[in-house]
Structures are given as C-alpha cells and as structure tokens.
Amino acid sequence: MKPAHFYLNGHPITLGAKLGSGGEGDVYEIQESSSLAVKLYKPDKAASRASKIRFMVQQKLAERAGKMVAFPQAIVTDQKGCFCGFSMKKVVGYLPVHELYSPKSRRLKFPNKDYRFLVHTTQNIVRAIASVHKAGCVIGDINHSGILISRDGLAILIDTDSFQIHDGRKAYHCQVGVEEYTAPELQGQSLTKTLRTENHDCFALAVLIFYLLGMGRHPFAGTDPRDPNKELGHQIRDYQFSYSLTRPVSNVPPRASLLLKDFPPEIRKAFEAAFGERKSGFFGIKGATAPQRPSAFEWVQFLGKMQKTLKSCQVNPQHYYSASSKSCPWCRIRQQSGIDYFGMNPQKQTQKNNLLSLKKAAHSQNPQAECALGLRYFEGRGVSKDPQKAFQWLQEAEKHGSIAASFNLGVIFYQGNGIGQNFEMARKYFEKAALSGDPDANYNLGVMYFNGDGIPQNLKHSEKYLKKAAMKGHVEAKQMLSSLF
Ligand SMILES: Nc1ncnc2c1ncn2[C@@H]1O[C@H](COP(=O)(O)OP(=O)(O)O)[C@@H](O)[C@H]1O
Ligand SMILES: [Mg+2]
C-alpha cells in the first residue's frame, strides 16, 4: 500500500477525484468520506493561509453557519504536520448560480422551472448569505461562481476561505472582488487591504437578486445616451441604477426588460435603497455617500412575502408574476421582443408530442415504448418522477421481451431508488439480460460477484462475467480484468 501523504485531524487520507481547481489550489474528494471534500493550497500559498483557516476552524463556523455554507471544518496537514489545506462539506450535482439567472441556460439546466422557482431559490441564496453574516463573517467577494444551486433550488456557498473574518485583533481580509458586484464606494479601489463590511456585501447581494429576478440583467447596465460606451464600473461608481423610479438617472434600461414597477412595493423600495446614494442632509457625513442597504435578513423577509403574492397569468398559465403588478410583465415582454421567458418553447412542444405518441405505443404493449416510458418516469423526463410507475412499465416491457427492461429493472433493484434495494432481484434481472448477451448486465454481475453484493464473494464467477462483457468490448470490464485478475 502507498503511504498517505495527507492527514486530516491526524488521520491519513487518500485523495479521490479532483472536483475543481481555483487560483489558490485544488479541491478533491477523499476516499475516507463521501460527504467531505478537501482543498489543498498550492505549495507557495499554503503558509500564508494557515492562520486564517486555523482560526476559521477553531471558531466552528461550519457548525454555526449551517449546511448552506461550506466553511472549513478541519485542517489537512502533510507527514511533517505542516498546513496544506482544509476539509469541508462536499457539494455534488450543484450548478453555479449564473446557470440559473441566465434565461437560456435556465431553460436547459433547470427545465420546467417557472418564476416561483426563481423567487424561492433566490430566498435560499439570501438565507445562506444571512447565515454567514450571522456567524460574524463578511463575504467580500460575492460572485456567480461561489454560489452553487441544486436542481431543486437549494443553495450552498463555496470559496469560504476567502471570506473576511476578524479575530479580535486583526482582520483577515478578502482581497478580491468582481467589478459588477463591487459597491460604488469601492469601485476602482485596490481591495487587498480594504476592510470590507456587511453593507458592501449587501450591495452585491442586491445585484445578485436583481440578476435572478430580472432575467440576468445587471441593474446598472442601461444605456447612457450622452455616453453610450460608459463602463459598467463607472455606472456603478456614479450610482446610475438604470431602473430607478425615484431618482433622476442618465441611463435607461434595455428594451423589453422587467421593470421596477413589476415588483411588489417592498422589493422596489429595497432595490432603490440598495442602489441609491445616501441622501445628503444635516446628518450626512461629508464624503460618506454609501447608504445603509437592506440586510440579507431583511431580503429574506421581503422575498418570503413576494413569494406569497405570485399569481399565474390568465392568458399563459406558465407566467407567474407579482399580484401587485396590473398586468403580466412576461406577456408584455413577449409582445415587445418576441421573447417568452417562461412560455413553452417549440422544443418542449415537440417533446410533449413525442411523449403522447410514446404513451400511445406503450398502451398498445410495444415493449420498446413501455421500456422508454418506464425510464421517463424513473428520471422524471417530461413527466413527474414516479418510481412506482417506472417499475410497472419496465415490468410490462420485460414481460413483452425487452432485454433493456430486464437490465434496467436490475439497476433499479441494485440502487433501490424509490422501491427499496434488493440485490437478489437485481441479480435475477441482470442474469436474464446477460443470457441475451447484454455486456452491461454481464459487467454488473461481474461487479456484484466481486463485491459480494447480497451473495458470497466469488472471484471465479466475477471473472467469468467480466470476460463475457470484455469480449463485447466493455471498456470498464476490460480495465477491471487487467487491474484485478
Ligand atoms: N465544497 C466543495 N465541493 C465540491 N467542489 C468544490 C467545493 N469547493 C470548491 N469546489 C470546486 O473547486 C473549484 C475551486 O474552488 P475555490 O475555493 O473557488 O478555489 P479558489 O479560491 O482557489 O479559486 C470550484 O470552482 C468548485 O468547482
Ligand atoms: Mg478563493
């Protein structure tokens, strides 16, 4: 056995697959835990990070902030006990938030999700940010790659080692930032030594909320007719919130946008407060132009209330909008631009037609159609996920001679998704498919006999099945044979 090079809490760990790379290091799975990931710093970065991460671990931020924030949990060291990185909650199957707020990728990556999902997910993101503030940290560098979203709208924050934290004597700064999320009072400044505040985060937070609820448009990205090429950073610096209804601004929102009047009054006011200047008045401190912006906690309340006001459009029931709006903004935008952000697109219409003919064929006992319909129910593709229905259709298909159905039933029993794991049934169905020469079924049987899944381990049987699969070109079977036998 190779000696372990890294230790977590003093215990040796073995790195698994690489989950991602960043400017400062790489993130890996570890074989000892399926719920943890470790970040290992590049050798020249580790030493300068050690005291901040040790402090974060000691503060038990991971526990205090809860499951929506992947804070460092424990220290990773090398054989000599030197700091190399840290462990954190592993995040799998989530997508960066820009995949959701960009309407094009939303359609692809989050199919069938309407505006209610956007508001709900936005609220979850804001909750995650509120929990960081509650734990006493400032994020500093809120941006679209540090926020990950699950298909059902859960949010997790990563890149937490760059958050700003204070140990009572000194602040460990967040030294980076992205222009589009940087507050007006920080635009153009070097961020390496700037002390960031919760109020700065609240500017970025409002930008993020605007992106999510406003179809990926930046709140300051209007056009200034007097200066059409004005950079976004300068628009922000000059407090040119293009959508403002209360302040004179010199830039106008792009055509066919969701407008501030389309939001409930409370949300409108919150955006105005987040993107506006502090009113100059008797108590205004000279030079201090940053207003007190709505906090993450306040946004959670506003979004919760907004969620309750959403109603479906009478013309197009897939359009959801706030009841405070006089008419459906999505219909208005469609009339203005031809873009229907939530309507059924032609591709979906074809899928719907395909589904209808598939159901028809399945009901007339066509085994391929029965199997295909079963899989659709299994995966929730074009229909609501329903393991029971999936199981019934696959059984029908199997009865009518579909080998693919035998194999898929084996997989369902092996994984136990929705119907309970049963290795004996899995083996039975794989054996049936294997009799017809299905290479995947032979491979799975090889794996089951190798692992001893529900049966005594039998390496002879394992080898026999793997060879059958390999003979038909099964790549993994070949690999397993060459490495194990
Ligand atoms: N907890 C995690 N679980 C899974 N993947 C992660 C996790 N944290 C980070 N990653 C992946 O690693 C990449 C780099 O991590 P990040 O902390 O952003 O690096 P850096 O700060 O060095 O740029 C991320 O973009 C993501 O793909
Ligand atoms: Mg980082």
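Asn 9 sits in the loop that joins strand S1 (6-8) to strand S2 (11-13); helices (H or I, at least four residues) and strands (E, at least two) are DSSP runs, numbered from the N terminus. Although Asn 9 is not a glycine, its phi is positive, at about 55°. With a relative accessible area of 60%, Asn 9 is exposed, where exposed means over 50%, buried under 20% and partly exposed in between (1.4 Å probe, protein chains only).

The model is predicted, so local features need pLDDT of at least 70 and side-chain atom pairs count only at pLDDT 80 or more, while totals for chains, interfaces and linings use all residues. Residues are numbered from 1 along each chain as its sequence is written, chains are lettered from A and ligands numbered from 1 in the order in which they are written, and side-chain values use heavy atoms, with hydrogens and water left out.

On the scale of the whole chain, the secondary structure amounts to 18 helices and 14 strands. The C-alpha atoms occupy a box of roughly 85 × 65 × 35 Å along the principal axes, and 49% of the 485 residues count as buried.

Ligand 1 takes up the second largest pocket. A pocket here is an open set of points, on a 1 Å grid over the protein atoms alone, where a 1.4 Å probe fits, with protein on both sides within 12 Å along at least five of seven lines; a molecule sits in a pocket if more than half of its atoms lie within 2 Å of its grid points. Of the 15 residues around ligand 1, those that come nearest are Glu 24, Lys 39, Lys 89, Val 91 and Asp 159, a residue being near if one of its heavy atoms lies within 4 Å. Strands S3 (15-21), S4 (25-30) and S7 (83-89) each contribute at least two residues to this shell, and S3 gives the most, with 3 residues.

Oxygen atoms of ligand 1 lie 2.8 Å from a polar side-chain atom of Lys 39 and 2.8 Å from a polar side-chain atom of Asp 159. A polar backbone atom of Lys 89 is 2.8 Å from a nitrogen atom of ligand 1. The protein covers 81% of the 560 Å² of accessible area that ligand 1 has on its own, by the Shrake-Rupley method with a 1.4 Å probe.

Strand S11 (residues 165-166) holds His 166, which is partly exposed at a relative accessible area of 44%.

Gln 365 is another residue other than glycine with a positive phi, near 65°, and is partly exposed at 48%.

Helix H13 (residues 387-399) has 13 residues, and at 1.5 Å a residue it should span 18 Å, which agrees with the 18 Å between its end C-alpha atoms; the expected span is 1.5 Å times one less than the number of residues. The buried residues of H13 are Ala 390, Phe 391, Trp 393, Leu 394, Ala 397 and Glu 398. An α-helix has 3.6 residues a turn, so residues three or four places apart point the same way. Just after H13, Gly 401 adopts a positive phi of about 100°.

Definitions and conventions. A polar contact is a pair of N or O atoms within 3.5 Å; within protein, one must be able to donate a hydrogen and the other to accept it, and residues adjacent in sequence count only if both atoms are side-chain atoms. On a 1 Å grid over the protein atoms alone, a cavity is a set of points where a 1.4 Å probe fits but cannot get out, and a pocket is an open set with protein on both sides within 12 Å along at least five of seven lines; lining residues have an atom within 4 Å of a point.
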